[in-house]
Amino acid sequence: MYSYIARRLIFGALTVIGVSIMVFVIMRILPGDPLVAIFGPEGLTKLTQEQRNSFLTELGLNDPLWAQYLRWVGDIAQGNFGRSFFRSESVADMILRRGPLTAEIALISVVLSWLIGIPIAIVSALRPNTLADSLARFASILFIAVPGFWVGMLIVLALLFWFGYRTPMAGVGFFTDPLANLQIVIGPGIVLGLGQAAYIARMGRSSLLEVIREDYVRTARAKGLNSKLVIAMHALPNALLPVITLSGVLLGLVLAGSIPVERAFGTPGLGYSMFQAVSERDIFVMQNLVFLYAVVFVMLNILVDLTIAFLDPRIRLR
Amino acid sequence: MTTTTPSDRILAGPPSLLRRLMRAGAGIFRRAPLSAFWGVIAALIVATAIAAPAIVPYPPLKSDFRAMQKPPDEKHWFGTDQIGRDTLSRVIYGSRASLTVALGAVLFGTTVGALWGLACGYFGGRFDMASQRLIEFLQSFPDLILAMAIAMALGGGLGTVIVAIAITRIPFGGRVIRAVVLSLKEIQYVEAARGLGASHARLMFRHILPQCVAPYLILATTHLGVAIIIEASLGFLGVGIPPPTPTWGNMLADSLNAGLVPPWWLVLFPGLAITITVLAFNLLGDGIRDLLDPRLRGSI
């Protein structure tokens, strides 16, 4: 087990380095001229040559690329995420203030997706091709197709229209004002949770259907075990392993999906600042946030892999 | 007495993929009426997008200042936006942007991915090792975030959105086709061809590639829906095709600027269009997968 953990962590560290290079390539080298990303293709033509040069020097973009890369990585290693062009708050402070809200949303959505997805999967798999199963399958196909941010917009609109209700605008931590905090995070949490629940129900159903046909399930039935216990004790634990892996992959859906969903709800979370960074062409903030999201995604997936290895000896002994 | 022309002899060989698809198309209505139904819907959406200029009731960019932000009525079925543009016409035109981007991105991304996967699976060794790491790095980014970053760096527009979404599709093509090639490489007819001294290029493109067409088609159709959602999200976040081009994402973003309470018709209809389109393509993709290769159920 320990050697598996060590291997996975070293792999993770390599991936983070690779990801940092990739982020740097995309944000700094791909545009050819980083000023394109800052001013836009049209804005760039309005700058004079001297203006361009002074901007480039001021931003340290005239240094060789490897020096820029090393400086960026060094800054991040020291916790210095730079500053936005538009706000006085440093990016590190912004992450600390807004990050917890997005983390709460992600947590709520993952918990919700299991609470909704797994029971639906069980009902669907135990009574395949009945009305309940067809309904569940149609619902999951529908929720995979609906864009989450649109559902969010509809919810906001409906609440305003019929109840005149609007969620609080200012971000508050859970411990300062739990009620206001929950009002902010519950909407995005539900929307993202439903989207994931659809995938989980679908995967859980097919995984459970496969496991139910296994010999050990038949043996358990044959020895006279109550059929509910057979499912709960024998079938479900094995059927859930692929679902846990899927749940890890779906975290990408949550992290990325929270950006448009937070915009739809006007949630003051990290996803919303990503949207702001994009719409303000704030390339350095964007670069750091993209890197942060990718690193979080990589680490969460390592966590999922380790959980799977902990639960399934076939993997850790390989 | 019948005469055989050379073309007949060619046609008489094992059924081509086109034939198989056509026969499948006839069979699909009997065996999978639901997929067939959604296939027809998908075809209708494509037809609408192509025929957009002929069927829209109003030009999508023309403002009518006498009818600004009007709820749906008999003149404007889907209402008008804050500067009096007809929402129905804009939703219809939006399908053009959406489908162009989705088709372009999926074709480009899946093709590059598939060729890369073919090379990885065929050559193996160090090239494969390095490629797999690179693909892993690409997959370390959630799709939408990678697309956002690339679209922002390249600076908006139809081409950049296609490229941005295409890059997020490459790893899927690479992974799936590589796995297919790895299993094909050991099959006897390939070994026989190798034994006869066929070149790498001939082995890859003449003997292995044709077997990858079915997985490739399945992969491409199942990813259309995702591509449409990413395109809409990019538009909604302001890094898609820039306004005033009507896209569904742009329209939804616009509706948020229409005052404190966004008019419901500006929110409802573009989103409905996205949902129905994605639903149609996803179910069509499922149907095609089940017909061409039921073993792949769940794996793609």
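This is a predicted model: local features need pLDDT of at least 70, side-chain atom pairs count only at pLDDT 80 or more; totals for chains, interfaces and linings use all residues.
The C-alpha trace of chain A spans about 85 × 55 × 40 Å along its principal axes. Of the 318 residues in this chain, 37% are buried. When contacts in chain A between residues at least 6 apart in sequence are considered, 75% of them join residues at least 24 apart.

We can now turn to the interface. Here 42 residues of chain A are in contact with 37 residues of chain B. On the chain B side, the elements that contribute two or more residues are helix 6 (125-139), helix 7 (143-154), helix 10 (200-237) and helix 12 (264-292). By class, this side of chain B comprises 25 nonpolar, nine polar and three charged residues.

Helix 12 of chain A, residues 283-311, packs against helix 7 of chain B with the axes 11 Å apart and at an angle of about 160 degrees. Because angles over 145 degrees count as roughly antiparallel, helix 12 of chain A is roughly antiparallel to helix 7 of chain B. The crossing of these two helices is left-handed. On the chain A side, M286(A), V290(A) and Y293(A) of helix 12 take part, and they meet I145(B), A149(B) and M152(B) of helix 7 in chain B. This helix-helix contact has six nonpolar residues, with no polar and no charged ones.

Two backbone details, one in each chain, complete the description. In chain B, the peptide bond that runs from P243(B) to P244(B) is cis, and its omega is near 10 degrees. P244(B) sits in the loop that links helix 10 to helix 11 (248-255) of chain B. In chain A, N129(A) has a phi near 65 degrees, which is a positive value in a residue other than glycine. This asparagine, N129(A), also belongs to a loop, the one between helix 5 (91-126) and helix 6 (131-145) of chain A. Since a residue with 12 or fewer other C-beta atoms within 10 Å counts as exposed, N129(A), with 9 such atoms, falls in the exposed class.

Technical notes. Residues are numbered from 1 along each chain as its sequence is written. Chains are lettered from A and ligands numbered from 1 in the order in which they are written. Two residues are in contact if their C-beta atoms, placed from the backbone, lie within 7 Å. Helices (H or I, at least four residues) and strands (E, at least two) are DSSP runs, numbered from the N terminus. Ala, Val, Leu, Ile, Met, Phe, Trp, Tyr, Cys and Pro count as nonpolar, Asp, Glu, Lys and Arg as charged, and the others, Gly among them, as polar. Axes are lines fitted to C-alpha atoms, for helices over the stretch in contact, and angles run from 0 to 180 degrees between N-to-C directions. Angles under 35 degrees count as roughly parallel, over 145 as roughly antiparallel, 65 to 115 as roughly perpendicular and the rest as oblique. A crossing is left-handed if the near helix is turned anticlockwise from the far one by less than a right angle, and right-handed if clockwise. A residue is buried if 20 or more other C-beta atoms lie within 10 Å of its own, exposed if 12 or fewer, and partly exposed in between; C-beta atoms are placed from the backbone.
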